[in-house]
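Visitor: I would like to learn how to read helix packing and a few local features in a model. Please take me through them one at a time.

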Amino acid sequence: MSDLENSICKQGLFDSFFTKNAKGLRDFLFYKFGDMTLAEDLVQEAFVKLWENCATTPLSKAKSFAYTVAVNLGNSAMRHEQVKFKYKDYILQREDDITEESPEFLVLEKEYMERFNSSLAKLSDRQREVFLLNRIEKKTYKEIAEVSGVSVKAVEKLMHKALLKLRESIGDI
């Protein structure tokens with residue numbers, strides 16, 4: 001039978017396809033991104049997209065379509081998290097807590113944070129991601145490696161280069 005005869009748009013075939021592939025896709029996404037809730041959400045979104053595109057997606061390409069959509073959505077979610085870290089306003093959070101500090105301290109802190117944010121922005125995307133995941137999110141190198149899809153050794157090298165660049169532009173951290 002051809003793909004047209006077994007159209008993924010048929011409810012029974014779609015249900016069977018979902019039952020057969022959803023758990024494997026969820027597990028794959030969990031291993032790739034390290035977050036079960038995200039993985040489950042991505043599976044749902046991928047299958048919704050597959051249903052929306054069932055008329056143009058042959059059955060033989062349905063699994064590839066679902067995996068590609070899910071991974072692309074996951075990568076977008078991870079990039080979004082990086083942007084949130086990049087533009088987090090550390091000074092405003094701290095100023096509310098430090099009301100009795102001297103004005104000189106507050107000025108120095110603000111200058112330091114400006115230099116730090118500027119230096120952070122100059123790092124490569126991968127170096128910044130590794131640095132922020134480790135120092136802000138408190139993730140281990142192993143967890144970062146799993147999320148980024150690289151080896152622990154690669155994470156160590158990226159972190160080392162990020163720290164060298166930051167030290168060079170703002171001094172010891």
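Visitor: How should I describe two packed helices, and at what angle do the axes of α6 and α8 cross?

Guide: Two packed helices are described by the angle between their axes and the distance between the axes. In this predicted model, the axes of helix α6 (residues 125-135) and helix α8 (residues 152-170) come within 8 Å and cross at roughly 95°. Angles of 65 to 115 degrees count as roughly perpendicular, and α6 and α8 are therefore roughly perpendicular to each other.

Visitor: Which residues of α6 and α8 make the contact?

Guide: From α6 come Arg126, Gln127, Val130, Phe131, Asn134 and Arg135. From α8 come Val155, Leu158, Met159, Lys161, Ala162, Leu163, Lys165 and Leu166. By class, this contact of α6 with α8 has eight nonpolar, two polar and four charged residues.

Visitor: What are the angle and distance for α6 and α7?

Guide: The axes of α6 and helix α7 (residues 141-148) come within 10 Å, crossing at roughly 135°. α6 and α7 are therefore oblique to each other. Their crossing is right-handed. Glu129, Val130, Leu133 and Asn134 of α6 make the contact with Tyr141, Ile144 and Ser148 of α7. The residues of this contact divide into four nonpolar, two polar and one charged.

Visitor: Is Asn134 buried or exposed?

Guide: The cut-off for buried is under 20% relative accessible area. Asn134 has 15%, so Asn134 is buried. This residue lies in helix α6. Leaving aside neighbours within four places in sequence, Asn134 is in contact with Lys139, Tyr141, Ile144 and Met159. Of these, Tyr141 and Ile144 belong to the α7 side of the α6 contact, while Met159 belongs to the α8 side.

Visitor: Which residues of α7 are buried?

Guide: In α7, Ile144, Ala145, Val147 and Ser148 are buried. They cover an arc of only 165° around the axis, which puts them on the same side of α7.

Visitor: What should I look for in backbone angles, and where is Lys138 found?

Guide: Most residues other than glycine have a negative phi, and most peptide bonds are trans. Lys138 is not a glycine, yet has a positive phi of about 60°. Lys138 is found in the loop between α6 and α7. At 63% relative accessibility, Lys138 counts as exposed. Just after α7, Gly149 also takes a positive phi, of about 75°.

Visitor: Which residues of α1 meet α2, and at what angle do these helices pack?

Guide: Helix α1 (residues 11-33) and helix α2 (residues 36-52) pack at an angle of about 145°, with their axes 8 Å apart. α1 passes α2 in a right-handed crossing. On the α1 side, the residues are Gln11, Phe14, Phe17, Phe18, Asn21, Ala22, Leu25, Arg26, Leu29, Phe30 and Phe33. They meet residues of α2 including Met36, Leu38, Leu42, Phe47 and Trp51. By class, the contact of α1 with α2 has 17 nonpolar, three polar and two charged residues.

Visitor: How many helices and strands does the chain have?

Guide: The chain has eight helices and zero strands. Of its 173 residues, 31% count as buried. Among contacts between residues at least 6 apart in sequence, 62% join residues at least 24 apart.

Methods: Residues numbered from 1 in each chain as written. Predicted model: local features only at pLDDT ≥ 70, side-chain atom pairs only at ≥ 80, totals over all residues. Heavy atoms only, no water. Buried < 20%, exposed > 50% of the residue type's maximum accessible area, 1.4 Å probe, protein only. Helix = DSSP H or I, 4+ residues; strand = E, 2+ residues; numbered from the N terminus. Arc of directions from axis to C-beta. Axes fitted to C-alpha atoms, helices over the stretch in contact; angles between N-to-C directions. Parallel < 35°, antiparallel > 145°, perpendicular 65-115°, else oblique. Left-handed = near helix turned anticlockwise from the far one by under 90°. Contact = heavy atoms within 4.5 Å. Nonpolar A, V, L, I, M, F, W, Y, C, P; charged D, E, K, R; others polar.
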